[in-house]
Every structure is written in structure tokens, then in C-alpha cells.
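Let's walk through this model together, one region at a time. Keep the structure open beside you as you read.

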Amino acid sequence: MQAHTPLTQEMQTQSVSDAVKIAANNFVLINVKVSFWNGQAKLSSAAEKAAAKAGANPEGTRMYKDLLGAGHHKLKEVNTHFRRLRTVLDSVSIPYAMAKDDGQRRGDKMLHVSRYPKVIAQLQELQATAFEALAQFLANYDQYRSQALGNDFGAWRSEAERLFPTAQEVRGKFTIEISDPKPLPVFSEAQQASFNVPASVMAKIVEQSNAAIAAQLEGAKQDQIKTSLDACETALKQLTDGKRLSNSIIENVKQEAVKLAEISSGYDNDPRIKSIAKEMAEGIANVRDKDQWRDNESAKLQAKAAAANTVKNLKRMAKAAPVATVPDTSGVILPEITADLI
């Protein structure tokens, strides 16, 4: 196990159970699932003929084409509306699910309870807008289909005609699911009292549960450190060469600073993280508009210095020992028992 410095030892004034309880009081879990249609289809016969004409082996030859031709950009606009819900949720939340083999953390997101009402209202508004855009698209779908068949397929028309879904089938390909908020799966005292097991066994179950949740919270914290680092490195690069200054630099740094502060105050009260978040929000994002950097070289240099310092500190934090120590409970209780309970 990684050794703790005197600083981290001094900071460890709470048990992992306390840190988990703090997080349970400050975050809810939420998820958004969307599906949509990309408007493409595989033209098998056309691919075989093209391969034969080229003298190539048709096996393994595939041909995909946008079915809607000139109307495809209308479909892309609809898909953008549906994707926007995930983009917005990602911008205000921290991944809670553990990383998969590909490094992606799919699933529930941690959202600070103070922001839930505003975020859920925004998601519902985006949902309504997305389905309005879909309805407008479907109202003209048969027209897009006819135009594409008449103008874009040539000798492939007969095959393409069979590949077009009906407007009703297209409608079925679009879904949006906004989950209800869920609490972190922490054992309450009432739940513990309801289990008819010896106190010693319950203590082990709770300890194992806390360890599992703490591991995910540490993963969430590290994920936010990485996301913050990416935003600050981008800011540092652009403040250094000055070629791509944009308001998105300011917005992204502020956005990640808020989440970084939330994971600290809402989980382990790590003062180092709080300090970094403050420097991001006030030091790097020290102007409201990029033009203020162009007009004020001193403000730009101060932001650059803050960005360099923040990048250095975030890299240190990525390697730092956890403040809320995650106990090693391997072998304490069978993992499948805990899985059933949480």
C-alpha cells in the first residue's frame, strides 16, 4: 500500500464510512440514455456488383450510404438535439461507474444535489426540443425519401427502396430516458437494523460496502482531476501561443472548477483540491471574455501563470494518496454477498 505523508495523515480525520456518508448527502446518481438513427444502410447487392466490376473478391466488400441524400443534414440536426442531453449532463456531472476495459466510465453520473433541480429542468427542456425537431423531420420524411430515391441512387434505386424504414419505424429508433435520481447505495441505520444477522457480520458487510463505494468515489475524484487537468492544459497552451483564444477556454475551466470543488466539499474535504479549484475559477478564468486577455496583457500573463501552476498541482494530485483511506477488506466477506446487498 502507498505510504502516507505527514500531511495526508494529518488530513485523515474521518473514516471511510464518514466520507461515504458525506458523499451520500451531497450527490445523487442520474443517467441519460438516448438512441437515434444515423440514416445509413448497407447496400449488399451494389457492393457485390462494384467488387465484380473492379475484379475484386466480393467477400468482405461492404458499401454503406446515407439514405436521405440532400435531406441527410436535416437528420443530423435532429440527432444533434438528442445527443445534446448527454453532452449537457456530462458537463455538469462526474462519472460514478467504474471504468470498463476500454477506459470509458459508462453509466450513472454523480450530480451535486444543489444543482439537480436546475439540471433536470434543463434536460427535460432539451428532451421536449429534441422530440419537436424529430416531429418536424418526420413530417417531411416521405419527401426526403422520394427526393433521395429520385436523385441519389441511380442503378441502386431498387435495392435502396427496400432499405428505407417507414416514418413510424424511424420514430421508433429515437428514445430518451432520463433516470430518476438515485442515492448512493449506502447502508442506512434502518437498513442495518432490518438485517437479521449478527452484529459482527453486519459490521463486515457495511465495511465491505463502504470500501466498494469509496473505491468508486476515489475513481470519480481521479476522473474529475483528469478532466480538470485537460481543461487547464488546453488553457495553458492557448494562453502561451495565443493563436486559438476563445471563450470556451474560460467556460470549460470554470465548469470543471465547479465540479472539482464539489467532489472535494461533497466527499473528502481535501483542502488541496479546494485550493486548486479556486485557482482555476479565479486565477485562470480571471476575465469574462477572451478579448479582455487581448486588451490586457497583464491579465493574460496572470492567467497563464495560474494555468501553469494548476497543471503542476493537478498532476501531483493525480498521484497523491487518498485523503479518505480505502480499507483493504479483501477476504473479509464474500464479494457476491455484498453485490446482492448494494
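**Strands, cores and rings**

Strand 5 (residues 94–95) and strand 6 run antiparallel to each other, paired over 2 bridges. Helices (H or I, at least four residues) and strands (E, at least two) are DSSP runs numbered from the N terminus, and two strands pair if DSSP finds at least two bridges between them. Before going further, note that this is a predicted model, in which local features need pLDDT of at least 70 and side-chain atom pairs count only at pLDDT 80 or more, while totals for chains, interfaces and linings use all residues. Residues are numbered from 1 along each chain as its sequence is written, and side-chain values use heavy atoms, with hydrogens and water left out.

Buried means under 20% relative accessible area, exposed over 50%, and partly exposed in between (1.4 Å probe, protein chains only).

Setting aside residues up to four places away in sequence, M110 touches F27, V28, L29, S93, I94, Y96, L217, A220 and I263; contact means heavy atoms within 4.5 Å. A nonpolar core is a set of buried Ala, Val, Leu, Ile, Met, Phe, Trp, Tyr and Cys residues joined through side-chain atoms within 4.5 Å. The largest one has 43 residues, of which M110, L184, L217, L260 and W293 touch the most other members. At least two residues of this core come from each of helix 2 (16–26), strand 1 (27–30), helix 10 (199–241), helix 11, helix 12 (271–284) and helix 14 (297–319). Helix 10 gives the largest share, 9 residues. Another core lies apart from it, with 37 residues, among them V92, V119, L149 and V170.

Now find K259 in helix 11 (residues 247–268). Is K259 buried or exposed? K259 is buried, with a relative accessible area of 2%. Its side chain reaches the backbone oxygen of S91 at 3.3 Å. Beyond neighbours within four places in sequence, the contacts of K259 are D90, S91, V92, S93, I94, R115 and Q224.

Finally, look at the rings. The whole structure holds 6 aromatic pairs, where rings of Phe, Tyr and Trp (its six-membered ring) pair if their centres lie within 6.5 Å; planes under 30 degrees apart count as stacked, over 60 as edge-to-face and the rest as tilted. F82 and F131 are edge-to-face because their ring centres are 5.1 Å apart and their planes are at 80°. F82 lies in helix 4 (residues 72–92) and F131 in helix 5 (residues 116–139), so this pair ties together parts that are 49 residues apart in sequence. F82 is buried at 0% relative accessible area, whereas F131 is partly exposed at 25%. F153 and F164 are another edge-to-face pair, at 6.3 Å centre to centre and 75° between the planes.

Technical notes: Polar contact = N/O pair within 3.5 Å; in protein donor to acceptor, adjacent residues only side chain to side chain.
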